[in-house]
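Please read them with the model open beside you.

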Amino acid sequence: MNLIWCKVLQLPIITLSDLECDYINARACCSKLNKWVIPEMVGQCLSTMLMLVSMHWFIFLLNLPVAVWNIYRYAKVPMGNMGVFDPTEIHNRGQLKSHMKEAMIKLGYHLLCFFIYLYSMILALIND
């Protein structure tokens with residue numbers, strides 16, 4: 001499971017930086033990134049719902065904005081676009097920079113969550 005999350009978190013940063021340096025074309029970049037949009041959204045929503053069901057309120061509230069953001073981002077894709085990442089629009093209006101900034105923020109968020117989950121697990125093991 002951790003290997004999958006590492007791939008999901010590293011893929012946008014590496015792929016977008018390759019696009020920025022012209023090592024990869026926009027169509028290949030967007031098809032790679034769009035392949036992971038739905039699994040990321042489902043995984044985030046599933047973990048959010050699990051925290052709600054298990055009544056871990058702080059972690060639920062920590063996960064909720066990211067889950068809502070993923071759903072909003074997917075729902076706001078204009079008709080005719082390839083997906084969240086569209087090759088015809090990725091170079092326009094600074095979308096490449098905003099996608100890169102979003103990927104960095106998500107990486108930092110998941111790193112923070114990793115340490116919170118690790119602390120919670122250790123605390124649960126000590127209290128048991």
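1. The secondary structure of the protein comes to 5 helices and 0 strands, and along the sequence the pattern reads α-α-α-α-α; helices (H or I, at least four residues) and strands (E, at least two) are DSSP runs, numbered from the N terminus. This is a predicted model, in which local features need pLDDT of at least 70 and side-chain atom pairs count only at pLDDT 80 or more, while totals for chains, interfaces and linings use all residues. Residues are numbered from 1 along each chain as its sequence is written, and side-chain values use heavy atoms, with hydrogens and water left out.

2. The C-alpha trace spans about 55 × 30 × 20 Å along its principal axes. Of the 128 residues in the protein, 35% are buried (under 20% relative accessible area, with a 1.4 Å probe and protein chains only). Among contacts (heavy atoms within 4.5 Å) between residues at least 6 apart in sequence, 66% join residues at least 24 apart.

3. In helix α2, which covers residues 26-34, the buried residues are Ala 26, Cys 29, Cys 30, Leu 33 and Asn 34. They lie on the same side of α2, because they cover an arc of only 120° around the axis, the arc being that of the directions from the helix axis to the C-beta atoms.

4. Helix α3 (residues 37-53) packs with α4 at an angle of about 150°, their axes being 8 Å apart; axes are lines fitted to C-alpha atoms, for helices over the stretch in contact, and angles run from 0 to 180 degrees between N-to-C directions. That makes α3 roughly antiparallel to α4 (an angle over 145 degrees). Their crossing is left-handed, meaning that the near helix is turned anticlockwise from the far one by less than a right angle. The residues of this contact of α3 with α4 divide into 14 nonpolar, 5 polar and 2 charged, where Ala, Val, Leu, Ile, Met, Phe, Trp, Tyr, Cys and Pro count as nonpolar, Asp, Glu, Lys and Arg as charged, and the others, Gly among them, as polar.

5. Helix α4 (residues 57-75) also packs with helix α5 (residues 95-127), at an angle of about 155° and with the axes 11 Å apart, and α4 and α5 are therefore roughly antiparallel to each other. In this pair too, α4 passes α5 in a left-handed crossing. The residues of the contact of α4 with α5 divide into 9 nonpolar, 3 polar and 3 charged.

6. Which residues of α4 meet α5? They are Phe 58, Ile 59, Leu 62, Asn 63, Val 66, Trp 69, Asn 70 and Arg 73, and their partners in α5 include Tyr 109, Cys 113 and Ile 116.

Notes:
Buried means under 20% relative accessible area, exposed over 50%, partly exposed in between (1.4 Å probe, protein chains only). Angles under 35 degrees count as roughly parallel, over 145 as roughly antiparallel, 65 to 115 as roughly perpendicular and the rest as oblique.
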